[in-house]
Amino acid sequence: MSDAPSFAHQATGDLARVRRVLEDKLSQLAAEESSLAVATPELGSQVQYGKRAGDHVAEVADRMARSRAAGELEKLEDEVRAALAKLAAGTYGVCQDCGQEVPEGRLAALPWAIRCVACQSRLRR
């Protein structure tokens with residue numbers, strides 16, 4: 001009996017389905033990032049605060065929120081790309097940190113998960 005996690009050796013059809021799911025997620029994330037895009041102000045320009053300062057404050061707050069959201073989308077894109085790389089390398093479903101099997105339930109919920117729950121929890125502390 002092999003010590004290698006069983007998920008890494010699943011049927012080709014299952015892995016092809018996972019690849020499609022991950023590729024679809026990348027497309028979805030790219031579309032979401034496009035929707036967050038805002039015109040970049042000219043270098044050196046500043047938002048003017050005058051009589052209608054509230055309008056400009058709202059504009060700055062919106063830009064900051066979009067920037068944070070775009071950053072989160074980029075992180076998620078990196079995770080999806082890492083999962084695709086693991087799929088190509090034949091290590092999909094194996095925790096990147098401890099080498100144990102990532103539970104199928106976790107992969108069903110987050111197909112881009114590259115760590116088991118315990119390692120992901122340690123990472124977030």
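Mentor: Helices (H or I, at least four residues) and strands (E, at least two) are DSSP runs, numbered from the N terminus. Read along the sequence, the protein chain follows the pattern α-α-α-α, with 4 helices and 0 strands. This is a predicted model, in which local features need pLDDT of at least 70, side-chain atom pairs count only at pLDDT 80 or more, and totals for chains, interfaces and linings use all residues. Residues are numbered from 1 along each chain as its sequence is written, and side-chain values use heavy atoms, with hydrogens and water left out.

Trainee: What is the average pLDDT of the protein chain?
Mentor: The pLDDT is the predictor's confidence in each residue, from 0 to 100. The protein chain averages 82, and 76% of the residues score at least 70. Over residues 1-9 the pLDDT is below 50. Where pLDDT is low, the predicted coordinates should not be read in detail.

Trainee: Why does glutamate 77 count as buried?
Mentor: Buried means under 20% relative accessible area, exposed over 50%, partly exposed in between (1.4 Å probe, protein chains only). Glutamate 77 has 10% relative accessibility, so it counts as buried. This residue lies in helix H2. Contact means heavy atoms within 4.5 Å; leaving aside neighbours within four places in sequence, glutamate 77 is in contact with Leu26, Leu29, Ala30 and Glu33.

Trainee: What makes a set of residues a nonpolar core, and which members of the largest one touch the most others?
Mentor: The set holds buried Ala, Val, Leu, Ile, Met, Phe, Trp, Tyr and Cys residues joined through side-chain atoms within 4.5 Å. The largest has 19 residues, and Leu22, Val80, Ala83, Leu84, Leu87, Tyr92 and Trp112 touch the most other members. Helix H1 (12-36) and H2 each supply at least two residues of this core, and the largest share, 6 residues, comes from H2.

Trainee: What makes a space a pocket and not a cavity?
Mentor: On a 1 Å grid over the protein atoms alone, a cavity is a set of points where a 1.4 Å probe fits but cannot get out, whereas a pocket is an open set with protein on both sides within 12 Å along at least five of seven lines; lining residues have an atom within 4 Å of a point. The lining of the largest pocket includes Leu76, Glu79 and Trp112. Its largest share, 3 residues, comes from H4.
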